[in-house]
Amino acid sequence: MNDNLQDFLMGAVRAAAIFGGIMTLAPMLVMAERRICAAIQNRVGPNRVGPMGLLQPLADVIKLLFKEEIIPDRADRTLFSLAPLLAFAPAAISFVAIPVGRDLQVADLNVGVLYVLAITSLGVYGISFGGWASNSKYSLLGGIRSSAQIISYEIAMGLAIVSVLMISGNVHLGSIVEWQAENGWIIFYQPLAFIIFLVAAFAENNRLPFDMAECESELVGGFHTEYTGMKFGMFFLGEYIAMVVMSALLVTLFLGGWDPVFFELPEGAGGTAISVLCFTVKLLAVLFLYIWVRWTLPRFRYDQLMKLGWKAFVPLALLNIVLTGIVVSLLTGTG
Amino acid sequence: MRSEMTEENKNETERPRRSWGFLLYLPAVAKGLYNTLLHILKLKGHKTFTVQYPEKRPEVRPGFRGEHRLKIDELGREKCVACLMCQTVCPSNCIDIVAEEAPWEDRDKRPRIFQIDMLRCIYCGMCEEACPCDAIELTEKLYTVSTSRAEMIYDKEKLLSN
């Protein structure tokens, strides 16, 4: 077997494993969301399907599959069908560059950060197209709000990442994690950038307190008002996978990725397994934070959201970059 | 005059001054997260109020007005003497009594038919209040269930055995 083929096969196996992993994680996340929100609201949550209700996501999927697909009368049929895929696919493929364990990722891209940022922002097309193609004012408003919001917060998020890159001196995600394994997590060097990134990540994923795109109380269901059946399911899945990707990026950039902190990773396959475990635990912790915040905070008003993005986060992120630049250049003695 | 009015209005609608700490939202966010965490962990008196229905039934308080029962005396006869007081007082007209001559010495009449339409009944308890012989009462039975309308009209046997 020649090297090329072997590389290709290994890549395929890793892709299948990691893709399968996030596809399993997304439904479990829906389940976790429902149980945690129930706990916060002094309820029990779904506990009937399967042991402890763990098969509820499966029941949901079966229900969605058997639901009637309705396409509104004067909807743009092509875009209407394309939109859920456009929301789902970028979220799924942006995971390839994230190192889920020591030297373990689908594609070892040397511009990993840029790749993930570029692909995750494509998700907004799905939402905007869905809003436009539905031929409904609620959907359109949801789509417009979503794109405006994502564009605003993308800037703050990018600027927050810049300060991380300045400290670690690399755009290769694996190297950023290795830098953190040696020098400590970046959250301790860049708390401000962490907060900005976290809030921007909520906004990017259209999660509460920034779920302007859905906004049930104002826009019925926002961009997916007119969607039914598995098309709606795809939007839903895409949203949760995007959440997983953003959390993974957050863990990689700020929380030391697969670094176990308290001990050195042993060499070989055992060490890799431990590193994957560490990454998973951190990922789940961040996802819990996502859910926890969602069921705690009320929704921001649209103008407050824009004000917070442009008047607070962008200037703060810029200030942070300047300060980081000064400190880094003083410490390294360059510039 | 007019300008004064607008001046006043302007003062009234002016936004309150907020401190930087408030505008950061973060203290309030942290407070909220702490509060919901207490709910998740069920601390500080937070508990789940849900009754897991088919396995557990809600507790019925004393004095709850559920399905009716016709009482039986020491000799095993129904206490009812078919005086029609309950039928008269019933605000929803759900009681239907047809009397017949009683075979016993101590009373003139007894009910031949005693029907209560449970679909009409509002469980007010007036029949229980009006009864001179203490023959009808409301039990604490909560689940009035059937698969047809006909079954919802309870007859004498059903009410005696309730």
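**Notebook: cavity, pocket and interface**

I began with the lining of the largest cavity, where I counted 10 nonpolar, 6 polar and 3 charged residues. In this sorting Asp, Glu, Lys and Arg are charged, Ala, Val, Leu, Ile, Met, Phe, Trp, Tyr, Cys and Pro are nonpolar, and the others, Gly among them, are polar.

I note that the model is predicted, that local features need pLDDT of at least 70 and side-chain atom pairs pLDDT 80 or more, and that totals for chains, interfaces and linings use all residues. Residues are numbered from 1 along each chain as written, chains are lettered from A and ligands numbered from 1 in the order written, and side-chain values use heavy atoms, without hydrogens and water.

**Entry 1: the largest cavity**

I found 4 cavities of 30 Å³ or more in the structure (on a 1 Å grid over the protein atoms alone, points where a 1.4 Å probe fits but cannot get out; lining residues have an atom within 4 Å of a point). The largest cavity holds about 270 Å³ of space, taken as the space filled by probe spheres set on the points. It has 19 lining residues, and Gly123(A), Ile127(A), Glu204(A), Gly238(A) and Ala242(A) are the closest to its centre. Helix 3 (77-93), helix 5 (123-133) and helix 11 (229-254) of chain A each give at least two residues to this lining; helices are DSSP runs (H or I) of at least four residues, numbered from the N terminus. Helix 11 of chain A has the largest share, with 5 residues.

**Entry 2: the second largest pocket**

I then read a volume of about 420 Å³ for the second largest pocket (an open set of points with protein on both sides within 12 Å along at least five of seven lines). Among its 18 lining residues, Asp60(A), Val61(A), Leu64(A), Phe232(A) and Phe236(A) are the closest to its centre. Helix 11 of chain A gives the most here, with 6 residues. I sorted this lining into 10 nonpolar, 3 polar and 5 charged residues.

**Entry 3: chain B against chain A**

I found 19 residues of chain B in contact (heavy atoms within 4.5 Å) with 19 residues of chain A. The two chains bury about 1500 Å², 62% of it from carbon and sulfur atoms; this is accessible area (1.4 Å probe) lost on being put together, summed over both. Tyr25(B), Leu33(B) and Ile40(B) supply 32% of the area that chain B buries, more than any other three residues. I located 1 salt bridge between the chains (a side-chain nitrogen of Lys or Arg within 4 Å of a carboxyl oxygen of Asp or Glu). Arg48(A) and Glu55(B) form a salt bridge at 3.0 Å, N to O.
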